[in-house]
2 protein chains.
Amino acid sequence: MTTIDPLRATCPTPAGGSERVLLGHGSGGQLMAELLDDLVTGSLGATGPLEDAALVGLGDVEVVVSTDSFVVTPRFFPGGDIGSLAVHGTVNDVAMRGARPVALALAYVLEEGLPIAELREITASVAAAAAGCGIRVVTGDTKVVQRGAADGLYLTTTGIGIRLGETCPSAAAGRPGDRVLLSGPIGSHGTAILSAREGLGFETAISSDSRPLHHLVSAMLDAGGGDVHTLRDPTRGGLAGALNELAAASGVAVEIDEPALPVPAQVHAACELLGLDPLHVANEGCLVAFVAPRSADAVLAAMRADPAGRDARVIGTVSAAPRGRVTARTLVGSSRIVDMLVGEQLPRIC
Amino acid sequence: MTTIDPLRATCPTPAGGSERVLLGHGSGGQLMAELLDDLVTGSLGATGPLEDAALVGLGDVEVVVSTDSFVVTPRFFPGGDIGSLAVHGTVNDVAMRGARPVALALAYVLEEGLPIAELREITASVAAAAAGCGIRVVTGDTKVVQRGAADGLYLTTTGIGIRLGETCPSAAAGRPGDRVLLSGPIGSHGTAILSAREGLGFETAISSDSRPLHHLVSAMLDAGGGDVHTLRDPTRGGLAGALNELAAASGVAVEIDEPALPVPAQVHAACELLGLDPLHVANEGCLVAFVAPRSADAVLAAMRADPAGRDARVIGTVSAAPRGRVTARTLVGSSRIVDMLVGEQLPRIC
């Protein structure tokens with residue numbers, strides 16, 4: 001989920017109530033996604049910033065819960081498939097709140113006509129990914145809809161985790177002076193999916209970065225404790241979307257150093273071809289963190305010692321104002337505003 | 001989920017691997033549903049009977065987790081809509097393990113073109129149903145797929161609850177001698193959906209029984225404690241499906257008294273018209289329990305004192321053999337075998 005001001009959920013339906021859900025493409029993409037989140041959040045009475053996962057008090061313990069539906073197309077792509085992607089995505093959302101993922105619930109919506117062999121393969125991928133993350137699939141559900149009422153297979157995963165300690169990073173906890181740390185290269189997931197979908201020929205060179213990040217998070221919290229203010233995996237909307245959400249939720253400004261951004265050469269080439277900004281392309285295997293300056297070096301060292309953070313680096317700093325603004329310092333020393341996606345959202349990327 | 005022997009998951013794919021997912025209708029319906037559950041369960045390494053919800057140890061507490069996707073058509077029907085149905089269904093699955101539902105996660109898959117007004121209405125229904133159950137919607141997700149890649153709106157709810165006490169009813173805990181208690185009339189949900197879908201004219205007379213049952217369960221456990229061996233809400237597959245699953249999981253026989261079954265007159269008429277057995281029709285607001293004989297009267301009294309159990313009654317008994325067999329004593333004193341659905345499964349009933 002994205003971080004949206006729930007107050008905006010009170011915006012009235014336009015006269016006639018003839019609005020319809022649109023695909024997240026064209027100029028309405030981001031605006032529509034916000035409207036959806038707005039009304040869902042508003043009706044449901046959510047308050048405060050939405051996070052990747054929620055804290056829920058259950059008796060004496062506080063657990064972390066996250067849910068996501070996966071509708072990616074194609075279902076198999078370089079570096080993964082819808083099954084492993086769902087497990088990693090949910091594990092990562094739980095981990096971003098400083099929790100250790102423990103259990104996963106799994107719900108399929110299947111289209112009549114889906115080859116059973118494909119369902120077997122995806123289920124085996126779910127099982128392997130869950131085992132690789134050390135979590136159990138504890139319950140599940142299967143529904144079948146008639147031909148034409150789904151596109152093969154959709155998968156909803158819900159993850160439950162327990163807090164690693166007292167530290168609970170939050171989208172709203174960023175502070176002026178924080179260093180912005182990025183765990184690895186950006187842009188691989190989105191360009192891999194698009195290339196596989198459209199047959200662009202980058203499939204041999206670009207793989208999705210889909211991977212679990214909970215070990216990396218654990219190492220970061222061991223090194224930095226409560227100085228790790230904010231964690232986010234920049235999935236839909238890319239790094240630009242994540243930074244804008246964090247800046248808005250924390251009420252801070254973020255400046256990143258564009259030449260410091262790790263963009264693989266093939267991703268750069270694919271983005272050029274497709275007219276995409278790598279900052280807007282979805283990732284499934286990296287995270288961005290706001291860390292207090294006194295602990296930034298220690299956290300960075302811990303990240304680099306973890307296989308998922310080998311290429312970690314400082315990419316920017318947090319300042320007090322202008323609140324909610326994200327800017328990038330370019331190679332030539334000028335500064336540009338980094339907006340959320342408006343016109344180019346990529347549908348069914350996860 | 002249904003209770004399936006996970007060992008059967010090892011059944012090989014037929015030569016060529018050309019099997020495809022079929023709608024749950026025609027003679028392949030139940031067999032296919034079993035195959036799906038088999039392979040999902042088998043690949044994921046589940047053991048023991050599958051329950052409506054799973055127990056998950058988290059630190060010092062044990063929580064109960066259940067997930068379900070909802071694909072019912074039409075989305076609005078007499079007695080409810082897909083939003084309230086999803087909340088009640090998930091609350092009830094959690095309650096069947098002797099737990100108090102606490103939190104709900106919500107994931108939408110939306111088809112491009114869905115009227116926003118309808119999404120608002122369904123979301124408001126989710127919110128109202130959750131408030132009515134005293135649970136919080138803690139997190140959510142929204143995905144949009146292109147026109148033709150879904151049928152309007154699918155909804156996956158995941159419920160989390162905490163155990164009410166030491167008692168944890170299980171599908172496998174039924175014992176010979178137990179009394180079979182049913183909380184209320186059967187057949188209303190399935191006939192209401194079918195009537196609304198097909199415009200059969202029963203819509204004014206039959207409403208879905210969709211309602212939360214967690215208060216009823218709490219009253220039953222207060223009255224019967226550990227003597228409440230087994231709880232199940234007979235949804236997909238109806239009462240016949242639920243009793244067969246419980247008989248198989250517990251390794252017992254069940255005999256029910258057919259004339260004692262509460263079937264509303266309009267449901268009976270609709271079933272006659274549609275060629276359905278009320279025992280096979282889905283319910284969303286009643287439960288069946290296996291209770292030790294010494295506590296049956298007390299539990300029954302507690303059920304009748306709850307609005308959701310006003311019409312509760314004893315409908316049969318559990319015996320030792322033949323294991324897994326469900327029979328019905330008819331009005332004329334003969335006995336018939338009550339099978340699970342094979343040929344008449346109703347697609348998209350929940």
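How many residues of chain A are in contact with chain B, and how many residues of chain B take part? The count is 79 residues of chain A against 78 residues of chain B. The model is predicted.

## Where the chains meet

Three residues of chain A lead here. A:Val21, A:Ile116 and A:Arg120 supply 10% of the area that chain A buries against chain B, more than any other three residues. Between the two chains, about 6,600 Å² is buried in total. Carbon and sulfur atoms give 67% of that area.

Polar links are present too. Chain A and chain B share 25 residue pairs in polar contact, with both residues at pLDDT 80 or more. Several elements of chain A each supply at least two residues of the side that touches chain B. Among them are helix 1 (29-44), helix 3 (116-133), strand 5 (99-111) and strand 7 (153-163). Strand 6 of chain A gives the largest share of that side, with 10 residues.

Four salt bridges run between chain A and chain B. One partner pair is A:Lys143 and B:Asp68. Their closest N and O atoms are 3.5 Å apart.

## Chain A as a whole

Chain A has 350 residues, and 62% of them are buried. Its secondary structure comprises eight helices and 14 strands.

Chain A exposes about 12,000 Å².

## A nonpolar patch on chain A

A:Leu200, A:Leu273 and A:Leu274 make a nonpolar surface patch of about 240 Å². A:Leu200 sits in the loop between helix 4 (188-198) and helix 5 (214-224) of chain A.

## A buried aspartate in chain B

B:Asp306 lies in the loop between helix 8 (293-304) and strand 12 (313-319) of chain B. Its relative accessible area is 13%, so B:Asp306 is buried. The cut-off for buried is under 20%.

Which residues does B:Asp306 touch, leaving aside those up to four places away in sequence? They are B:His215 and B:Leu216. B:Met220 is 86 residues from B:Asp306 in sequence. In space, the C-alpha atoms of B:Met220 and B:Asp306 are 9.4 Å apart.

Key:
Residues are numbered from 1 along each chain as its sequence is written. Chains are lettered from A and ligands numbered from 1 in the order in which they are written. This is a predicted model: local features need pLDDT of at least 70, side-chain atom pairs count only at pLDDT 80 or more; totals for chains, interfaces and linings use all residues. Side-chain values use heavy atoms; hydrogens and water are left out. Patches are made of residues with over 30% relative accessible area and no salt bridge: like charges are joined within 9 Å, nonpolar side chains (Val, Leu, Ile, Met, Phe, Trp, Tyr) within 5 Å. Accessible areas come from the Shrake-Rupley method with a 1.4 Å probe; for residues, only the protein chains shown count as cover. A salt bridge is a side-chain nitrogen of Lys or Arg within 4 Å of a carboxyl oxygen of Asp or Glu. Helices (H or I, at least four residues) and strands (E, at least two) are DSSP runs, numbered from the N terminus. Buried means under 20% relative accessible area, exposed over 50%, partly exposed in between (1.4 Å probe, protein chains only). Contact means heavy atoms within 4.5 Å. Buried area is the accessible area (1.4 Å probe) that two parts lose on being put together, summed over both. A polar contact is a pair of N or O atoms within 3.5 Å; within protein, one must be able to donate a hydrogen and the other to accept it, and residues adjacent in sequence count only if both atoms are side-chain atoms.
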